[in-house]
Every structure is written in structure tokens, then in C-alpha cells.
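Please look over the model below before reading the points. They go from the overall fold to single elements.

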Amino acid sequence: MEGSVFAKSVELMVVGMGMTFSFLIILVCIMKVLQFVVEGFLNKVFPPAQPAAAAVTAVSDDKIKIAIALAAAKSMAK
């Protein structure tokens, strides 16, 4: 009797976990499909903005480090 109850409980656990795992896999797949559909629709309604021309000139890392060091020295001098 007791072995039968244990077997039934293991069977119920496996079936329940299998159904939950299957549902989650299906849910993820549906969400991926909806992501592509919604992105496609939104890109048609609201096209992505074109990148603007670079108005700021590139600053080298050395100049940035010098500016940070000067700012730190100036704040310590106060």
C-alpha cells in the first residue's frame, strides 16, 4: 500500500513539474514571437531616428585625465 502511494506521489510530481516546464517554454516562445511582431509594428509606425552628425570633437583620454586631476587639485586647494 505504502509503495503505491509513494509511486503515485512521484508520478504526480513528475507530471506537475513537466506541465509547468512545458508551459514556461511555450510562454517564452510566445513572448519572443510577440517581441518581433511588436518591434516590427512599432518600427513602421515610429521609424528609428537617424543619428545626428557628431557635433562634439573627440577628446583624448589624456586630456580628460588632466582635466580630472586639475579639478581634484582645485577642490583640494579650497
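1. Helices (H or I, at least four residues) and strands (E, at least two) are DSSP runs, numbered from the N terminus. The protein has two helices and zero strands.

2. This is a predicted model, where local features need pLDDT of at least 70, side-chain atom pairs count only at pLDDT 80 or more, and totals for chains, interfaces and linings use all residues. Residues are numbered from 1 along each chain as its sequence is written, and side-chain values use heavy atoms, without hydrogens and water.

3. Buried means under 20% relative accessible area, exposed over 50%, and partly exposed in between (1.4 Å probe, protein chains only). Of the protein's 78 residues, 0% count as buried.

4. V38 lies in helix α1 (residues 2-45). V38 counts as partly exposed because its relative accessible area is 42%.

5. Helix α2 covers residues 61-77.

Conventions. The expected span of a helix is 1.5 Å times one less than its number of residues.
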